[in-house]
Protein chains: 2
Amino acid sequence: MSVRSGPQRTADAIAKLRATDGDVWVSTAPTAGPAHLVPLSYAWNGERLILAAPASSLTVRNIQATGRARLGFGPTRDVVIMDAEVGGIAGVDDPTMAEVGRAFADQADWDPRGSPEYVFVLLRPRHIQAWRDASELSGRLLMHDGRWLFEV
Amino acid sequence: MSVRSGPQRTADAIAKLRATDGDVWVSTAPTAGPAHLVPLSYAWNGERLILAAPASSLTVRNIQATGRARLGFGPTRDVVIMDAEVGGIAGVDDPTMAEVGRAFADQADWDPRGSPEYVFVLLRPRHIQAWRDASELSGRLLMHDGRWLFEV
């Protein structure tokens, strides 16, 4: 497999963020305690990753406690990994989430709106990496401190 | 999609543990700090999951510190999730790892033996869940406290 350029990897990563056919592996931890990992459906509004999950879920509680998550988009031989900070959490029917809710329902294959136990979690990417195999480990950093490193 | 029985899910989960064509998402955390997540190749010897990673990697250091990992086998619409405890860590060329090394090299698509910076990590599964979609969330527990719940 040929090694992709930075701009090509960035374009491929954005395509994965916009994909409508998969979930993302969401890894979180409490302030002090074991890592949690679940697959969740997602949407990307161009600047923020949007998750929907029950407010009572361990994932949401961990993100509330630490403000952080690490996300893995597969398959595992064509990955995008995102380190993100929380940019907002609110009930799915909160008026501030109207635009987010439309973006989520458009991209994901379900619509949590109307389920009051669910919240939308907005995540602000800080670092993004992408690689397919060992030959691509060099040059895997695509976003650093919130800035894309390549123009696409 | 039809809802699989417990024995069927167990057989499918074991097949995924024995698969030769993918990696596993490995989620770990330090004693107090953010979750880490990387894809790693793996093998299953019937009782233990075997990972290989550099001794200096964050994944190995987190497992050494806490004794725990949570693992996600994809794709995300056909998952197996394992909570595991460490059952041993040693250099890939340590004599105690000879059998583990053969199992890993047979199943994974690379052989870390001869790379002294790498260790094998043996993980003992404690809980295993499997589901494909929301209809399978009920009945997803296949192993509890180290015991398979269904005969296959």
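These legends walk through several views of a predicted model.

View 1. Welcome to chain A, which is built from three helices and nine strands. Starting at the N terminus, the elements follow the order α-β-β-β-β-α-β-β-α-β-β-β. The C-alpha trace spans about 45 × 35 × 25 Å along its principal axes. A compact globule of 152 residues would have a radius of gyration near 15 Å, and chain A agrees, because its own value is 15 Å.

**View 2. The inside and the surface of chain A.** Of the 152 residues in chain A, 48% count as buried. Contacts also reach across the sequence: among those with a separation of 6 or more, 60% join residues 24 or more positions apart.

View 3. Helix α2 covers residues 58–66 of chain A, and its buried residues are Thr59(A), Val60(A), Asn62(A) and Ile63(A). Seen down the axis of α2(A), these buried residues fall within an arc of 160°, so they line one face of the helix. The buried residues of α2(A) pack against β1 (24–28), β2 (36–40), β4 (49–54), β5 (68–73), β6 (79–91) and β7 (118–131) of chain A. After α2(A) comes Gly67(A), with a positive phi near 75°.

View 4. Ala69(A) belongs to strand β5 of chain A. Is this residue buried or exposed? Ala69(A) is buried, because its relative accessible area is 8%, under the 20% cut-off. Leaving out residues up to four places away in sequence, Ala69(A) touches Ser27(A), Thr28(A), Ile63(A), Met82(A), Asp83(A), Ala84(A) and Leu123(A). One of these, Ile63(A), is also among the buried residues of helix α2. His36(A) lies 33 residues from Ala69(A) in sequence, and their C-alpha atoms are 10 Å apart.

**View 5. Tyr118(A) and its contacts.** Tyr118(A) sits in strand β7 of chain A. Setting aside neighbours within four places in sequence, Tyr118(A) is in contact with Ala52(A), Ala53(A), Pro54(A), Ala55(A), Gly91(A), Val92(A), Trp110(A) and Pro112(A). Pro95(A) is 23 residues from Tyr118(A) along the chain, with 14 Å between their C-alpha atoms.

Note on methods:
Residues numbered from 1 in each chain as written. Chains lettered and ligands numbered in written order. Predicted model: local features only at pLDDT ≥ 70, side-chain atom pairs only at ≥ 80, totals over all residues. Heavy atoms only, no water. Buried < 20%, exposed > 50% of the residue type's maximum accessible area, 1.4 Å probe, protein only. Helix = DSSP H or I, 4+ residues; strand = E, 2+ residues; numbered from the N terminus. Arc of directions from axis to C-beta. Contact = heavy atoms within 4.5 Å. Rg over C-alpha atoms; globule rule 2.2 N^0.38 Å.
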